[in-house]
Amino acid sequence: MNIHEYQAKQLLARFGVSVPPGEAVGTPDEARAVAKRLLADGHARVVVKAQIHAGGRGKGTFKTGLQGGVRVCASADEVLERAQAMLGQVLVTRQTGPEGRVVGKLLIEAGVRILREYYCAVLLDRAAGCPVVMVSTEGGMEIEEVAARTPERIVREWVNPTLGLQPFQARKLAVALGCQGDLIRAGEKLLLGVYRAWWECDASLVELNPLALVEGPAGRPTLLALDGKVGLDDNGLFRHPDLQALRDLAEEAPLEVEASHHGLNYIKLDGSIACLVNGAGLAMATMDLIQHCGGQPANFLDVGGGASVEQVTAAFQIIMKDPNVRAILVNIFGGIMDCDVIATGIVQAVKDTNLKLPLVVRLEGNNVRAGKQRLKDSGLPILSGDSMADAARTAVRVAA
Ligand code: ADP
Ligand code: MG
């Protein structure tokens, strides 16, 4: 699950990470009110930032032609004007795809004088089997580009998960960013906070791009998180009801949201062959086979270990809402489940949903004979696949 920048900044602030003062708003009037407060507090500039679950907003373009989802303004009226032009409009960035995202909220925050832009991230290094904290002096740009062109400018510290990020490691990273004197301590505190936020929230990613060196009070340079991206591990969310509350369904694909209500793990793709599979590994293999046989999967759909009538019905209903689907491939391995029970569920779901799309079913495992017989006896035009490859070939054929 991803959260918005303003939520990420609130979260980071709880762990002692400095962020610019600001507030999220949903209307232009609120935007002006917050801007007035910030200007009255002595900030010379106010920044209007579109809140969508995608980066590259600064260089993005609205479908109205307006440039930039991040805008520095000098007055409350300018903020009002910008807010009016951004709210409710579709912003297209390098990360949104051409369809873009509707901007429903804005972060109105103090504009700071940036001296340097750095990069900082905490994530899991799967190859090393431990967390890694990465920093780079090349902030503000896409880190993939830095990694490809100047990999030596990315500095990493691997973290022993039992001990957590150690102060000496955080200081090393701060020094790698060029910090000197008091800034080393400030960098240490900030990095320890970022790491703790990542660890304690069960995050998969915390990224500050940029982590900025800015002109602080009395002209002294200070470090601030100017952008914040936090990705949370869905499997750890049950431990964090407060974080669950940050979910923004408007940012998620509608069919995927509906699927999650039924305990289905569904991801929409662009192909024409829908698949319904029990188990994520089998689902991946099924998608591979569809591709191998010349087709394109319309989705990833894992119904979990079982496949109840309710789940299969919900899955068919979701699949039927995708206008690209030309055929459905059901691939169920009855390991613990009884294939006959699954077949009963499939037959019931086909009837309940009045399914008209060609349906190919491959059943294997526990009590498979009875299951196949039940499909046959139903009188429904269900195509049976004897093997996975056979089922995939049939699905590709009928879809064409
Ligand atoms: P994105 O990565 O989606 O483009 P950012 O939050 O990184 O959005 O903002 C883009 C750029 O705008 C930053 O690299 C920074 O230069 C500038 N910026 C962002 N927030 C502020 C701020 N509060 N004050 C001054 N400049 C800012
Ligand atoms: Mg950014």
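Where does Ser308 lie? Ser308 is placed in the loop that runs between strand E16 (299-302) and helix H10 (309-320), where helices (H or I, at least four residues) and strands (E, at least two) are DSSP runs numbered from the N terminus. This is a predicted model, in which local features need pLDDT of at least 70, side-chain atom pairs count only at pLDDT 80 or more, and totals for chains, interfaces and linings use all residues. Residues are numbered from 1 along each chain as its sequence is written, chains are lettered from A and ligands numbered from 1 in the order in which they are written, and side-chain values use heavy atoms, with hydrogens and water left out.

**Overall architecture**

- The protein chain is divided into domain 1 (21-110), domain 2 (114-244) and domain 3 (253-399), with bounds that come from an automatic or database domain assignment.
- The centres of domain 1 and domain 3, taken over C-alpha atoms, are separated by 43 Å, and the C-alpha trace of the protein chain spans about 85 × 50 × 40 Å along its principal axes.

**The setting of Arg82**

- Arg82 belongs to helix H3 (residues 76-86) and is buried yet has no salt bridge, a term for a side-chain nitrogen of Lys or Arg within 4 Å of a carboxyl oxygen of Asp or Glu.
- The nearest side chain of opposite charge to Arg82 is Glu78, 5.6 Å away, with Lys and Arg counted as positive, Asp and Glu as negative, and His and the chain ends not counted.
- Not counting residues up to four places away in sequence, Arg82 touches Val48, Leu66, Gln67, Arg71 and Cys73, a contact being heavy atoms within 4.5 Å.

**Backbone geometry**

- Most residues other than glycine have a negative phi, and most peptide bonds are trans.
- The peptide bond from Asn209 to Pro210 is cis, with omega near 15°, and Pro210 has its place in strand E11 (residues 203-215).
- Ala218, although not a glycine, has a positive phi of about 60°; Ala218 sits in the loop between E11 and strand E12 (221-225) and counts as exposed at 82% relative accessibility.
- Asn367, although not a glycine, has a positive phi of about 60°; Asn367 lies in the loop between strand E18 (359-365) and helix H12 (368-377).

Technical notes: Buried means under 20% relative accessible area, exposed over 50%, partly exposed in between (1.4 Å probe, protein chains only).
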